[in-house]
Amino acid sequence: MPSVSQILSAAVERALGAPALLRAADPKFGDYQANGIMAVAKARKENPRALAEQIIRQLDVANLCEPPTVAGAGFINFKLKPDFVAQQIDQAGRDDRHGVPAAAQPKTIVIDFSSPNVAKPMHVGHIRSTILGDSLARIGIFLGHRVITDNHIGDWGTQFGMLIIGWKQFRNDAALAADPIGELERLYKFINDKPDLRDEAKAELVKLQQGDAENLAIWHKIIELSLLEFAKTYRRLGVSFDHTLGESFYNPQLPAVVADLRQRGLAVESDGALCIFFPGQETPLIVQKADGAFLYGTTDLATLKYRIEQWQPDEIVYVTDARQQLHFQQVFAAAKKWFPATPDLRHVYFGSILGADGKPLKTRSGQNVKLGELLDEAEERALAVVTEKNPELPAEVHRQIARAVGIGAVKYADLSQNRTTDYVFSWDKMLAMNGNTGPYLQYAYVRVQSIFRKAGAATGNTPVTLVHPAELDLAKHILRFSDALETVLADDKPNWLTSYLYELASKFSAFYDNCPVIQSAEPTRTSRLALCRLTADILKRGLNLLGIDVIEQM
Ligand code: ARG
């Protein structure tokens, strides 16, 4: 079913002949506002207010809203009629998408996210990429797009020279079995601290690059062990990928990519290196060093070419921390020179997670916080909260709830931030049962579900009627779910969805405080139960789109 904003947009667009630019209105004046009139008036050199008046006379929306009004410099405000809202709620209640239309023109969207480096533990910095990318993928899929997820793992580079000597000469098999990535990390650091082994490391790297069988086998083993460890984390987080091609996949393509860039005159020699220069920018993108080595950016250009040829995407989204901004600006600028047409390339970057001291989050001993340990602690802390709240539940149920609440709290804390800013990590805040937190929304879902346990099955097919202002307000918010999701994809910011859900829970509370449900007489009872049902369904769906599980009791 089309959403209310689609219905109104279409009506305005028919009259205006240009995009309506529909937004949420200031609630004092209405529910929706069309902002598109001004641009048209300007282009036609007309008075915007007069044009708005004229559009209103042409609009055929009497069944949907009160007579529209002109506001400000030429906006049109719409206030929905309760009957129309009720009718839309009826339909949304019968729709397994809760009234969210699927994209009329589905796009192909490649999402490059998580992308940790092998032989290193995934640290808390990777958490934002993993959680954000996964949520964007889920929302894209739900909105009907063809989403292709690719974990671009760092599985190639000079560190393998050191890892290979470490592996050959200093490996501790017991440690490797117990904690593979821990042992690989130890080996790397151990060799890195030994300057007299540098040359040997270089020699091992060269052998690997030339396809030496033993070194290749070690390299494969290191990747395999790392991927198995990453998979554990992904399983805990409920995250999966369509592809995990990794940087090494593109190695065979790099010489041809560089040759092509050089032949087209895009890459030129500078101090022996091959570089792509950009007007007005001092730092070039280096695609091949003087010693012949290829770089991170070379691989990204090869990756881009592969993705374009393989999937013909409309958009490619890269989710990494903000420090890679220059890198992606350069890669995108190079791609625009290289290809006749490029997809919409977006770097979805994010800030750092800070400790209470305002500095990037570290352990007490100054180490990077490991993602696995962070998730363990989240579950432990959630277990304490859950056990205290509901001591009578069996231990196994406590564990299960703690898992959903702990992991959900970490994800929600991250996704509810505007991703471009840094945020301070706080266990107390993220696990609070009140406020804009994961546990609060999971609990809101449990509360709505408990109404159904008490009410039993709904009695009939009574149409929805909306009388009390609190129920009308809740109903209108329910009808904005698809707008919230569209906004997330437009900005690559899931915090629009967390805000929407938090507001949904708040509006539900106001409704529930003011409007008796189970005690009401029919047809009000069934009508209000329908609002409860939609609220629960949207909470569940919305949390699922954030990668967060709901629970039935808490
Ligand atoms: N492995 C890189 C890192 O940990 C992130 C890769 C992001 N994706 C890309 N196509 N460059 O920083």
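**View 1. Accessible surface of the predicted protein chain.** The protein chain exposes about 25,300 Å², of which carbon and sulfur atoms supply 51% (Shrake-Rupley method, 1.4 Å probe). This is a predicted model, in which local features need pLDDT of at least 70 and side-chain atom pairs count only at pLDDT 80 or more, while totals for chains, interfaces and linings use all residues. Residues are numbered from 1 along each chain as its sequence is written, and side-chain values use heavy atoms, with hydrogens and water left out.

**View 2. Extent of the protein chain.** Along the principal axes, the C-alpha atoms fill a box of roughly 85 × 70 × 40 Å. The chain has 21 helices and 13 strands (DSSP runs: H or I of at least four residues, E of at least two).

**View 3. The open sheet S7-S8-S9.** Three strands form this sheet in the order S7-S8-S9, with antiparallel pairing (at least two DSSP bridges between two strands). Strands S7 (268-270) and S9 (285-288) stand at the edges with a single partner strand each, so one side of each is left without a neighbour in the sheet. Neighbouring strands are turned by 50 degrees against each other on average, direction ignored (axes are lines fitted to C-alpha atoms).

**View 4. Strand S8 beside S9, with helix H12.** Three bridges join S8 (residues 273-276) to S9; cysteine 275 has isoleucine 286 in S9 as its bridge partner. Helix H12 (residues 296-311) packs on the sheet and touches S8 and S9 (contact: heavy atoms within 4.5 Å). The direction of H12 makes about 85 degrees with that of S9 (N-to-C directions, angles from 0 to 180 degrees, the helix axis fitted over the stretch in contact).
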